[in-house]
Amino acid sequence: MPRVARRRGGLALGLSTLYLSVIVLLPLAAVTVKAVSQSPSDFWHSVTNPLAIRALAISLGAALLSAAVGAVMGTLIAWVLIRDDFPGKRIINALIDLPFALPTVVAALTLLALYGPDSPFGIHLAYTRAVVLVALLFVTLPFVVRSVQPVLLEIDKEVEEAAASLGASNAVIFKRVVLPALRPAILSGAALAFARAVGEVGSLLIIAGKVQIASLVILNDIESDAPHAAASLSLVLIVLSLIVLVLIRRLGGRVAH
Amino acid sequence: MLISRRAKLSLRTIALLYLLGLLILPVVVVFFKTFEHGFGVAWGWMTTPAAISALSLSLLMALIAVPLNTIFGVTCALVIVRRRGRLAAVLDALIDLPFLVSPIIVGLALTLVYGIHGWFGTFFTDHGIRIIFAVPGMVLATIFVSLPFVVREVAPVLVEVGDEQEQAAATLGASDWQTFWRITLPSIRWGVIYGVILSTARALGEIGAVLVVSSLVAGQTLTLPLLVYQRASQLGPGAVTAAYAAATELAVISLVVLLAMTAFSSRRPQSR
């Protein structure tokens, strides 16, 4: 690159770093400082009291579970959308993006109407852990579908046909040929879904009820003017989510983003 | 795989039933609940002063956050993909943080920096500027949560198009700006547009982060999602219709967003 370009590239780098620092890093640093600016025993207490432990377990567990279910169902849906053909397929394909477009609070309201006290099907899930899972599955639906679809489209069908002609059963072909090719895409989709699910709040505000997910416990701490406790729990939640995220990414090998 | 017709049909059925229960029924229900008591009632709830002010505040949030994040997003993607280097790698790693951090934590973080007892609290109070529990804090929260979308859509496109054309332009004597406007921007435009659509959807729909830093006063600091939340938390049959009416407004906006996404996604390289 010419020298001028490099200099201006430096300006772009500086401005990007500054913007990210002011908007994202500075506030997160404030959380960290708040969390560690208390006695270690206070910090320890605010993240290991039974309520905090349960909240962390529920949040991380529900996010992991929804990522796992989403990975299976997302792969299945992607497969149907690519390899199958039926009337209305294009509309269904477009609808997959709906959870990205629909504000999560609206999703919550709909789930309340469907599975709440006035459920037309007599299914009462509102205010239970089950509805938390349903909400998380809703908001994270597009991730795995959208990351698997392009890979499935590119996979060479001839390899599958060759395997079949050599006498491999469908189960064997799926396990040995299709799944290995899809694995990185499934896991990178699942990682994104996990990240999204662990931080999800909007769809849970109305329907989670007494299910104390970590975000709601933090909100409660903020409202009852306990910033130290809120910051401590926040810090632990972020660190734990990062660890899980790195583990999921490891599982799939580094995927080009 | 040579799948039998029966297996294919059952997979199709499973996928469609799952989508029906999770995606389609819920949306149908919103519209049904909204217009249960007639169009007039719903329209009345959509046009109360609080609802109109909430809609315009939501649009204002998106109007401030999306352009800023778009300029940052394109710049940052260029830095990450074209410049590389250690600092660029750090940027690349940190850019996804807003996706991972719970919006409630975002709100808490902003309070700790700009709130009365926050790092810059005294400074802003002395100058009579209110950030937390006012619109500026809500704008900051919206920018935070919608920050990564443009970068994440543009970066892979930049990788895909490569930099031969840019280098050719530079060799022929084009300035950096000329190269950017004539070569780079046109080749990444669909990525930019898709990123803008995603950030707009997120900015309009954000509730968690905004909830913490809003004073929740109708007509002042109530966005449309907050209005839905507030109405849904109230009791009584009127409040239910009111909540669904506001939700329908949001749903209609998001259907427009969805149509735009569908229209543009076919032009987006499928390289993720």
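1. Helix α9 of chain A bends by about 55 degrees at Leu179(A), with a proline, Pro180(A), following within four residues; the bend at a residue is taken as the angle between axes fitted to the seven residues ending there and the seven starting there. Helices here are DSSP runs (H or I, at least four residues), numbered from the N terminus. Across residues 170–198, α9(A) spans only 35 Å between its end C-alpha atoms, whereas a straight helix of 29 residues would span 42 Å, the expected span being 1.5 Å times one less than the number of residues.

2. This is a predicted model, in which local features need pLDDT of at least 70 and side-chain atom pairs count only at pLDDT 80 or more, while totals for chains, interfaces and linings use all residues. Residues are numbered from 1 along each chain as its sequence is written, and chains are lettered from A and ligands numbered from 1 in the order in which they are written.

3. Between the chains, 77 residues of chain A are in contact with 73 residues of chain B, contact requiring C-beta atoms, placed from the backbone, to lie within 7 Å.

4. Chain B is divided into domain 1 (1–34) and domain 2 (39–265), with bounds from an automatic or database domain assignment. Their C-alpha centres lie 31 Å apart, and five residues of domain 1 of chain B are in contact with six of domain 2 of chain B.

Definitions and conventions:
Helices (H or I, at least four residues) and strands (E, at least two) are DSSP runs, numbered from the N terminus. Two residues are in contact if their C-beta atoms, placed from the backbone, lie within 7 Å.
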